[in-house]
Amino acid sequence: MSRPRLLFVDDEPDILELLALMFADCETRATLNVESAIGILGEQCFDLIVSDIKMPGASGLTLLDFIKTVWPALPVVIITGHYCARPAAENPGIYRCVRKPFTKQIIRDEVFAALAAATSAKAAGTR
Amino acid sequence: MSGDRIYFSKPRVDRLLYSIERMAGGELQHQIEISPKRDELDAVAHAVNVMARELLYRLSELEKIQASVVQSGKLAALGEVSSGLAHELNNPLTVITGYVEHLRTMVQERARAPVDFEALETGFEKIGRNVDRMNAIIGHIMEFARQSNLTRRPLLLNGVIEKSFILIGEQLRLKNIQLKPQLSDATLMALGDGLRLEQVILNLLTNARDAIFEAHGDKGGKIDVRSRILSDTQLEIEIEDNGNGMTPEVRERIFNPFFTTKDVGQGTGLGLSISLGIIQDHGGSIGCETERGKGSRFTILLPRFLS
């Protein structure tokens with residue numbers, strides 16, 4: 001598989017830079033809010049989105065709902081400073097939740113597991 | 001005994017009346033002199049002395065209770081902002097955790113690749129900055145929750161207002177509530193307890209936040225905060241929200257202790273009554289104008305301190 005294309009959405013610039021470092025082996029892009037993320041998703045293809053929940057403006061959950069509607073096969077990993085309830089998913093495995101603070105190991109495990117789940121769902125022909 | 005007349009000298013009676021007046025004026029620790037005669041007037045004096053001592057004891061007990069109510073009001077106020085604080089602390093912690101890991105790996109693998117000292121420096125800067133951020137937040141919480149007696153120091157009112165923004169600013173941002181400060185450029189100096197005044201402003205901002213959320217949900221709203229010199233002797237702070245406002249029935253009762261419009265477990269109802277008490281202790285007042293459907297404006301007046 002060519003380098004996975006990841007989009008990071010978080011209102012903290014330090015966290016966006018950190019994520020880029022943790023995924024230096026991928027193609028990554030970052031943005032500070034949901035509105036601009038939606039715009040970017042319209043212009044460019046991504047293999048997975050990593051998003052915070054609580055941001056000024058629309059929340060990460062709004063973004064998740066939007067992605068589920070428009071790109072139902074696109075995996076999303078939510079990162080949050082609050083309690084992590086597994087987001088309900090029609091395709092289990094492509095939606096995951098990671099608590100802040102996270103280590104590089106943990107978030108990479110979740111991202112690659114979600115990517116793998118999305119790939120096998122596509123291969124199996126399920127939507 | 002009835003029908004007997006007892007005469008006392010006018011000076012003695014005057015002295016007794018004078019002493020009682022002093023006690024009534026607040027000097028409860030004063031004790032009336034008992035004469036060696038130990039007559040009926042002395043009996044009255046003695047009874048008044050006993051009453052004054054009893055009143056003094058009860059007053060000090062009441063002051064202790066009031067202090068602990070104010071303290072528990074502080075803790076309740078703190079509970080309200082703590083959910084926003086978890087988020088506030090977890091973000092810098094994420095940056096610190098991540099960069100410590102990253103830099104440690106870079107150093108451990110120096111045999112494979114030379115250490116990038118510029119990256120090292122950047123990493124430490126980010127770690128240090130976020131450590132400072134966490135320290136500031138934690139320090140502020142501890143300061144706020146600490147038991148303290150009412151101190152009277154000259155203070156800059158705008159500084160107090162800005163400090164209260166720290167504890168609630170993030171929460172307002174997340175609820176899409178615009179905080180619009182219009183603080184006077186002039187020096188607003190008051191005499192009082194900065195932490196207590198901060199508690200009052202935080203209380204009003206919290207109420208404004210809840211009113212806006214109740215009215216508009218995630219759409220949010222705005223809170224105007226204004227400060228100015230009202231006159232030679234008074235300073236004014238206004239906190240205005242565009243929530244739903246209050247009905248006249250609610251408006252009448254908002255300063256009553258334990259009156260609350262929130263559900264069980266949501267709010268203690270102590271906030272405004274304690275806030276009013278604190279402002280009154282400072283020689284000031286809190287007013288409230290409200291219009292159902294439009295919003296509310298709370299006005300705090302405080303005596304100006306002119307050094």
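Which residue is the bridge partner of Ile177(B) in β4(B)? That partner is Gly221(B).

This is a predicted model, where local features need pLDDT of at least 70, side-chain atom pairs count only at pLDDT 80 or more, and totals for chains, interfaces and linings use all residues. Residues are numbered from 1 along each chain as its sequence is written, chains are lettered from A and ligands numbered from 1 in the order in which they are written, and side-chain values use heavy atoms, leaving out hydrogens and water.

Let's start with chain B. An open, mixed sheet of five strands runs in the order β2-β4-β5-β7-β6 (chain B), with β2 and β6 of chain B at the edges. Strands here are DSSP runs of E, at least two residues, and helices runs of H or I, at least four, numbered from the N terminus; two strands pair if DSSP finds at least two bridges between them. Elsewhere in chain B, β1(B) pairs with β3(B), and Leu155(B) has Ala190(B) as its bridge partner.

| Strand pair | Sense | Bridges |
|---|---|---|
| β2(B) and β4(B) | parallel | seven bridges |
| β1(B) and β3(B) | antiparallel | four bridges |

Now for the two chains together. Chain A puts 21 residues in contact (heavy atoms within 4.5 Å) with 19 residues of chain B. Between the chains there are five salt bridges, each a side-chain nitrogen of Lys or Arg within 4 Å of a carboxyl oxygen of Asp or Glu. Asp14(A) makes one with Lys126(B), their closest N and O atoms 3.1 Å apart. Helix α1 (residues 13-22) of chain A gives the largest share of the chain A side touching chain B, six residues.
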